Amino acid sequence: MRLRPYQEAAVRATHEAWKTHRSCLIVMATGLGKTVTFASIAKGVVESGKRVLVVAHTAELVRQAERAMANVIGCEVDVEMADLVADMNWLADPAPVVVGTVQSLTAKRNGKMRIEKFAPRDFGLVIFDEAHHSVSTTWRKIAEYFDACATTKRLGVTATPDRTDEASLGNVWDVCVCDYGIREGVEDGFLVPVRQSMVYVHDLDISGIRRVAGDLDRVELATMLERESVVHGMASATIQIARGRKTLCFCASVETARLCAEIIDRHEPGKSAIVSGDTEPERRAEILKRFKEGELRYLCNCAVLTEGFDDPGIEVIAMMRPTMSRSLYTQIVGRGTRALPGVLENTDTAAQRKSAIAASGKPTMLVVDFCGNAGRHRLVHAADILSGKDGVAQATLDRAAKILHKRAKANANTAVEEEQDVLAIIDQADRELKAEAEAKTRKLVRGTAVYSATSMDPFEFAGIAPRNSTAKVGMPATPQQLALLRKWKCPNPERLSRKEATEAIKAIAGRPSSAQAWTLRKHGLDPTKYTRKTASQAIDQIKRVAI
C-alpha cells in the first residue's frame with residue numbers, strides 16, 4: 001500500500017523518536033488515514049518478531065483496526081472483545097496482532113484483568129486508538145501493565161489532542177511526532193474544503209445553561225433543544241439548506257433526534273432515520289447500511305457516530321447540538337471531510353488533488369451551525385478547527401465568529417442562504433483586526449520616534465517552563481487572560497494554554513510593574529528584589545521621605 005507523504009513522515013518520525021523516547025503521539029485529522037499509518041508502523045514491529053496490541057474503546061474501531069492490520073501486514077489478527085478471546089488455540093502459534101476494547105482488556109476474571117494473560121515481553125508495541133481517551137484510569141492500567149517491560153513501546157493516535165476537561169496528554173505520551181490537522185489536509189488537497197452555514201433560531205436561548213466540565217450541561221441543553229419550536233427551526237432549515245445532499249445530524253438527546261427525524265419525515269417521507277445508544281446492534285447496522293447506500297438521506301444520532309463511523313458520501317453535517325468543546329466539534333465535522341472514493345487516485349500534487357475534488361460529486365462539505373442567544377458562552381464554530389498547526393490568534397477566531405453570527409442574524413428573517421468559505425472568513429477577520437490595529441497606531445503617533453523592538457517568548461517573559469511546541473494539549477487562554485497579559489505587555493500571549501496563562505499571570509503579578517521598576521531603579525534600588533506589593537510599599541516610603 002502506497003502511503004501519502006505525511007503518513008510516511010509520521011512513520012519515520014515515530015521510529016526516530018523511539019530511539020530516545022518510550023511513547024509517541026500522532027495527531028492526524030479524521031479522514032487522513034490514521035489506521036493505515038499505525039498499521040504500517042506495526043508492520044515493522046511484527047517483522048522483527050514481536051507482537052502488537054491495538055486498544056480501542058468501541059467495537060467499530062476494533063473491527064476497523066482488525067481489517068487494516070490484516071490488509072497492511074498480511075498476518076493473522078486475533079480479537080479480545082466481549083465473548084471473543086485471543087490466544088485460545090493452544091495448538092497454534094499466537095497471532096502476531098491482537099486488537100481489543102479497553103473495557104474487555106481491563107475486565108477482571110478470577111481477580112485478574114484479561115490483559116494479564118499476555119506477557120509484556122512478547123509485545124514490541126501497544127497502540128492506543130483515539131488516544132485522547134488515554135488519560136482515563138482504565139487506559140492507564142493497560143499502559144502501566146505493558147510498561148513493565150522496558151522494550152515495549154507505546155503509540156497513540158488521535159484527531160483531537162485537546163480535551164474539554166484540560167487533562168494533559170503530556171502526562172501519558174512523551175512526544176508528539178506528527179501534527180497534521182484539517183486545515184493542512186484541506187490545503188494539501190487530501191480533504192474536501194469546509195463551508196459553513198450559520199442559521200439563527202429565534203427560540204434558541206442557551207444563555208442560562210450552566211457550564212459543566214468545560215461544556216454546556218447536557219441535561220439543561222437537552223431540555224432547551226427538545227422544545228418543539230427549536231427542533232422545528234433546526235430541522236426545517238436543515239432540509240432547506242441540504243437540498244437533498246446526504247446529511248448527518250448530531251443531536252443533544254435521543255428525544256431531540258427522534259423529533260428531528262419525525263419532522264424531516266413529514267417533508268421527505270422515508271428518507272430519515274435515527275440511531276442512538278438504545279438502538280439494537282443489528283438494527284443500527286441495517287440503518288447505517290441504508291444510509292451509506294443512499295436509501296436514507298438524513299440520519300439523526302445522539303452521541304454514537306462521533307468516532308469510528310466512516311462514510312465518504314456525507315456532504316452535510318447539521319450541528320444541532322451547540323458545544324464549547326473544540327474536541328467534540330472536530331470529531332463531528334470530521335465525519336464529512338473525506339473525499340469520495342477513487343477521487344484522489346493518480347494524483348501527485350496538491351493542485352491535482354484539489355482539482356480532482358472540485359470536479360467530483362462532492363466538491364465541498366457543509367457544516368450547518370445553529371445559533372441564538374448564547375449569552376456569556378463562546379460556542380465553537382468551524383473557524384476554530386481550521387486554525388492550523390501553527391495556530392491562529394484567538395482574537396482572529398473570535399472576530400470570525402462575530403462575522404458568522406452577524407451574517408446569520410441579518411439573514412434570520414429572509415430567504416437568503418449563505419454557505420461561507422471558512423478559511424476566507426478567517427482571512428477577513430485577520431485583515432480587519434490588522435487594519436484596526438494600524439488605525440489605533442496611527443492615532444497614537446505624535447511626531448517621530450526612534451525605538452527598537454525585541455521579539456520575546458511569553459514563557460521566558462513570564463518565568464515559566466516552556467512546553468513541547470509540537471504537542472497540542474490543553475485549552476487556549478481565555479479572552480480575559482489574554483486581555484490581562486496584553487495589559488502587562490506579555491509578548492505573544494496567544495501561544496499560552498489556559499493553564500500556562502494562569503501560571504504566567506501568577507508569575508507576573510508577583511513582580512513589580514514596569515513603572516514601579518523604573519522608579520526603584522531611579523532611586524538606586526534593584527527591582528528584582530521586590531514583589532509588586534513590596535515595591536508599592538517602598539515607593540510610598542520614598543515619597544514620604546521626599547515630602
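## Close-up views of aromatic rings

**View 1. Arg 154 lies over the face of Trp 173.** In this predicted model, Arg 154 is placed 5.0 Å from the centre of the Trp 173 ring.

**View 2. Phe 123 and Phe 146 form one of the aromatic pairs in this structure.** The whole structure holds 7 aromatic pairs. Here the ring centres are 5.5 Å apart and the planes meet at 70°, so this pair is edge-to-face. Follow the chain and you will find Phe 123 in strand β7 (residues 123–129) and Phe 146 in helix α5 (residues 137–146), so the pair ties together parts that are 23 residues apart in sequence. Are these two residues buried or exposed? Phe 123 is buried, with a relative accessible area of 0%, and Phe 146 is buried too, at 1%.

**View 3. Phe 128 and Trp 173 make an edge-to-face pair.** Their rings are 5.7 Å apart, centre to centre, with 85° between the planes. Phe 128 belongs to strand β7, while Trp 173 sits in the loop between β8 (153–158) and β9 (175–180). The two residues are 45 apart, and their pair links distant parts of the chain. Both Phe 128 and Trp 173 are buried.

**View 4. Four residues gather in one aromatic cluster.** Look for Phe 118, Phe 123, Tyr 145 and Phe 146.

**View 5. Lys 246 sits over the ring of Phe 291.** Here, the charged end of Lys 246 is 5.1 Å from the centre of the Phe 291 ring.

Conventions. Residues numbered from 1 in each chain as written. Predicted model: local features only at pLDDT ≥ 70, side-chain atom pairs only at ≥ 80, totals over all residues. Heavy atoms only, no water. Phe/Tyr/Trp six-rings, centres within 6.5 Å; stacked < 30°, edge-to-face > 60°. Helix = DSSP H or I, 4+ residues; strand = E, 2+ residues; numbered from the N terminus. Buried < 20%, exposed > 50% of the residue type's maximum accessible area, 1.4 Å probe, protein only. Lys NZ or Arg CZ within 6 Å of the ring centre and 35° of its normal.
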